Amino acid sequence: FTGIELVRRLHRDRQGRRLRVVVIDRQRDHLYIPLGHELLCERLPSGVAEGTVLASARFVEQLGPTIAWLQGELVGFDASSKTATLADGRRVQGRFVVVALGSELRPPAHFPGCERLLAYKSEAEFARAKLELAHEGRVLIVGGGIVGVEIAGELAHAGRDVTLVEGAPRLLRGLHERASRAALAALRAQKVEVLLGARLTELDAAHARVRTSEGERDIPCTIAFWAGGLQPPPIVEALGLPTDHGGWLVVDPQLRCSDDVFAGGDVARIYESSEANAHWPTMQRAIEGIFAAKTIAHNLLARLRGRSLRRHRLWRDFPHGVSIGAHSLVVYGSLVLRSAGLNIWFRRFLMRQYMRRYS
């Protein structure tokens, strides 16, 4: 979201159009992640022609000869020379560098059965999850945030037996308690088994062992999804750029890692100073990536023009749409509206507007 919007904004600027821009990504097309649960369960068709997958490389390449798309895997970065290295040996150097690597939905390496836990943010993850869902059997969801609630509701709506395990005493911890209660009621209405205050302790090919307040319990499951939190991409460790204790890139309020190296979106944490607790609240959402691209585009062009840089605007929150199968919530602060038809329609409308923006 950050990278594609940044390219668009640079191309709209007279001086920006004179820049030679290289975009590096491992895939040419990108799923519309906010509705990934609907795409995975085939409630929406998945594909560029269907308007649910963005042809990112095609958009970039048609902007002109000064903008190039390199498909490849980033394996290294020399911060002093601002040179990126790809797995096939290609190297790309720039005066300005923007890191917009996003985040990964994956469990910690020490998590029990981590190799079996599925996600669906990337193209490869989505393809693997689709193959796994072709198998019969109960589905286990680990994590009761927005991602966990949405995929649990969608799978239940598609007729699957689902168990959701959440370590906290309520769902949707980042939202108001009213939203938590509404989400719990919506899941249970669709026969999702919700285990709160529970921990996954073991996961094998056919069973999960869960510790609850009542003791250990074995749950048959053939498919398991991780929805227990985001982590920075592993390559961040090799970039030679400052990171915080969580492994996220540290940027200042102008979204700079260092001189002429910017970062935005999920991968970045904004710090006012070097103090460990001086970071801004982070909104890890698609819309924040688009907001970050606006700030980075302005500041990159300001560096070219010798002008002052702009502070990024702090967004503590933004209205949330939470789709839960046949149910849906709109949440903003303590306001919780239950309107399945309206919210589902509006989120698809936003997707169509997004695709049109880069058509």
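Modeller: Let's start with the overall build. The chain has 359 residues, and a compact globule of that length would have a radius of gyration near 21 Å; the protein chain has 21 Å, so the two agree. That radius is taken over C-alpha atoms, and the globule rule is 2.2 Å times the number of residues to the power 0.38. Keep in mind that this is a predicted model, in which local features need pLDDT of at least 70 and side-chain atom pairs count only at pLDDT 80 or more, while totals for chains, interfaces and linings use all residues. Residues are numbered from 1 along each chain as its sequence is written, and side-chain values use heavy atoms, with hydrogens and water left out.

Along the principal axes, the C-alpha atoms fill a box of roughly 65 × 45 × 40 Å. Inside it you'll find eight helices and 25 strands (DSSP runs numbered from the N terminus: H or I of at least four residues for helices, E of at least two for strands). Of the 359 residues, 49% are buried; buried means under 20% relative accessible area, exposed over 50%, and partly exposed in between, with a 1.4 Å probe and protein chains only. Of the contacts (heavy atoms within 4.5 Å) with a separation of 6 or more, 61% are between residues 24 or more positions apart.

Now the close look, with serine 56 to begin. Serine 56 lies in helix α3, which covers residues 56-61. At a relative accessible area of 3%, serine 56 counts as buried. Its side chain makes a polar contact with the side chain of histidine 30 at 2.7 Å. A polar contact here is a pair of N or O atoms within 3.5 Å; within protein, one must be able to donate a hydrogen and the other to accept it, and residues adjacent in sequence count only if both atoms are side-chain atoms. Leaving out residues up to four places away in sequence, serine 56 touches Ile4, Arg28, Asp29, His30 and Trp69.

Histidine 37 is another one to click on. Histidine 37 belongs to helix α2 and is buried, with a relative accessible area of 1%. Its contacts, again skipping residues up to four places away, are Tyr120, Glu150, Ile151, Glu154, Ser323 and Arg347. Glutamate 42 is exposed at 60% relative accessible area, and its phi is near 65°, a positive value in a residue other than glycine. Most residues other than glycine have a negative phi.

Aspartate 260 also has a positive phi near 65°. You'll find aspartate 260 in the loop between β20 (256-258) and β21 (261-263), and it is buried, with a relative accessible area of 9%.

Next, go to helix α7, residues 286-305, and find asparagine 299. Asparagine 299 is buried, with a relative accessible area of 0%. Its side chain reaches the backbone nitrogen of arginine 310 at 2.7 Å. Asparagine 299 and arginine 310 are eleven residues apart in sequence, with their C-alpha atoms 6.3 Å apart in space. Not counting residues up to four places away, asparagine 299 touches Gln254, Phe262, Leu309 and Arg310.

Alanine 79, in the loop between β5 (74-78) and β6 (83-86), has a relative accessible area of 28%, which makes it partly exposed. Alanine 79 is 161 residues along the chain from glycine 240, yet their C-alpha atoms are separated by 5.9 Å. Beyond residues up to four places away in sequence, alanine 79 touches Leu239, Gly240 and Leu241. Proline 220, in strand β16 (215-220), is partly exposed at 48%. Proline 220 is in contact with Arg138, Ala206 and His207, leaving aside neighbours within four places in sequence. Glycine 321 is 101 residues from proline 220 along the chain, and their C-alpha atoms are 31 Å apart.
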